[in-house]
Number of protein chains: 2
Amino acid sequence: MEILFLGTSAAVPSKEHSTSCIAVRSGSDIILLDCGEGSQRQLMLSPFSFMKIRAVLITHLHGDHVFGLPGLLQTMSLSNRTDPLLVCGPPGVGAALEAMMSVTEGETQYPVEVREVSGGESLDVNGLTVTVYATDHGIASVGYVVQDRQRPGKLDAAKARSMGVTSGRDMARLKNGETVNGVRPEDVIGPVIPGQRVAYSGDTRPCPTEDEAVRGADVIVHEATYMESEAAQAVDHFHTTARQAAEIARDACARHLILTHISNRYDDRSAVEAEARSVFPESYVAEDMGLFTLTSAGLRYDGVRTPENR
Amino acid sequence: MEILFLGTSAAVPSKEHSTSCIAVRSGSDIILLDCGEGSQRQLMLSPFSFMKIRAVLITHLHGDHVFGLPGLLQTMSLSNRTDPLLVCGPPGVGAALEAMMSVTEGETQYPVEVREVSGGESLDVNGLTVTVYATDHGIASVGYVVQDRQRPGKLDAAKARSMGVTSGRDMARLKNGETVNGVRPEDVIGPVIPGQRVAYSGDTRPCPTEDEAVRGADVIVHEATYMESEAAQAVDHFHTTARQAAEIARDACARHLILTHISNRYDDRSAVEAEARSVFPESYVAEDMGLFTLTSAGLRYDGVRTPENR
């Protein structure tokens, strides 16, 4: 899976940073996590096609997470999209979408399915599995875990040969589930490999439902609006500090942590990253247009994508 | 007056162009003309302060002209604005604003006055005069003429001296409206100089109400969604071609024409400009972040402003 950060600011954009939006891509399918103002243009500037978005998952109804939704939906329509789109969010997301779309005469020319969730649900998005968990942001809010498609187990070719299956064609038949010369697929093919999991917190205070949902995630994308020096403000505004996010990742036995939704007060985001790394070394702080690729080998940072190097 | 183009695309943004938004500045007061998605961030990237906006004038309720409004209003609020803001637009703009703001809990911490207009109205915006005219876009739509503050007439110093007023201090008293040694201000000071006028079409077909309203304007900022080769589409979609815009400017005896709201089909905007110039030589095509300065000497193009050269 690839994780592309389209907007990483908290509350308000800045010269350098757009509001919250993250694209997770598996194959050619994209799931958009939140959709702050400007997301459609960030997508146009990125290597990802906005027409390949299958679902937009909204964590909560604050402007910096949803004001990009009506423009994106209309642009898809003007670009002759016909594929259905899922819009998922906490209770109220349907009314919010309707309110925003009612402003203009823009009916979309493709079906939009709205799904309201509160936590505990599981959805299928073109083979990707999305599970929802409740978060703690002072209003209705949720987080999402996106799990990639499972992959077939690996064929132990040496073992198959030792059991008398030698030709490439017979190997392929085994992979395809056929028994060959008495050798059953389960004799030489390992267990199915579950898809990797990316969890996204939205805006939240640390909370038990999140701790539970993100356990063992390959990547936790977590808000870190504040640093520990502003921990009291983080509590007051239902946010998380960089250190707290790292503690969540550590305690969840996650493999990697990426911090986003960073307050504009932190000019130097490397300090935010350093705070998290002191607790959980596999921490990164996101930049707008920063692309990460998650493989079985781990998480690779591919740097900031620009129209020139995309 | 300065005219800064924050977004110049038609209908949908592109890599190069944001959706419709133009800032007109006189002194430190800014009037925003339309507010497409992304306008607040374009303002942050520009030399203009979004906190100095006195009024946002919406021409019509299509998404590419209004979807930036809720984010801008909320960011002003989060930035501790206390000054009132006027939001003006065709009938329905109040309900549209309420719908967009209702999505989130974001009440603004400053007063927002909403004024619905249909054409024929005249408004005062901190000394700037805005007159409204009806346009023809298939839905409720208006254009605006922004007139700068009038300036005092020029003192004819030579004449004043010949009439016996010689000291700088007495000259200043004359300018201040006092009679000095029997010399009345009107004897030596020319007539008040009316403020320059910038007209903005929004989206429209050419129409008589516009022709009338823009007569003698110093600058007409006009949509040119299409070129003449797509004239039939311009009619169908209630838009104007570059050539038609130039004819409007020529027939109105305007001084300058700036084209905006250009379809993304025209990669080369210089062709759009050339089409207009063949009819009205004082034509320009706008680029995002292009800044024009209007003085009594004429219109000066200051180029594209970037965070580096702003």
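Chain A can be laid on chain B by a turn of 180 degrees and a shift of 0.1 Å along the axis, with an RMSD of 0.1 Å. The superposition is by least squares on the C-alpha atoms of residues with pLDDT of at least 70 in both copies. That is the relation of a two-fold axis. The same surface serves both copies, since 100% of the contact residues of chain A recur in chain B; contact means heavy atoms within 4.5 Å.

This is a predicted model, in which local features need pLDDT of at least 70 and side-chain atom pairs count only at pLDDT 80 or more, while totals for chains, interfaces and linings use all residues. Residues are numbered from 1 along each chain as its sequence is written, chains are lettered from A in the order in which they are written, and side-chain values use heavy atoms, with hydrogens and water left out.

The contact takes 40 residues from chain A and 40 residues from chain B. Chain A and chain B bury about 2800 Å² between them, 60% of it on carbon and sulfur atoms. Buried area is the accessible area (1.4 Å probe) that two parts lose on being put together, summed over both. In chain A, K15(A), R41(A) and F67(A) lose the most area to chain B, together 25% of what that side buries.

Across the interface of chain A and chain B the rule finds 0 salt bridges, a salt bridge being a side-chain nitrogen of Lys or Arg within 4 Å of a carboxyl oxygen of Asp or Glu. It finds 10 residue pairs in polar contact across the interface of chain A and chain B, both residues at pLDDT 80 or more. A polar contact is a pair of N or O atoms within 3.5 Å; within protein, one must be able to donate a hydrogen and the other to accept it, and residues adjacent in sequence count only if both atoms are side-chain atoms.

Helices (H or I, at least four residues) and strands (E, at least two) are DSSP runs, numbered from the N terminus. Helix 3 of chain A gives the most to this side, with 6 residues.

A search of the whole structure finds 26 salt bridges over all chains. E2(A) forms a salt bridge with R25(A), the closest N and O atoms being 2.8 Å apart. E2(A) lies in strand 1 (residues 2–7) of chain A and R25(A) in strand 2 (residues 21–26) of chain A, so the pair ties together parts that are 23 residues apart in sequence.
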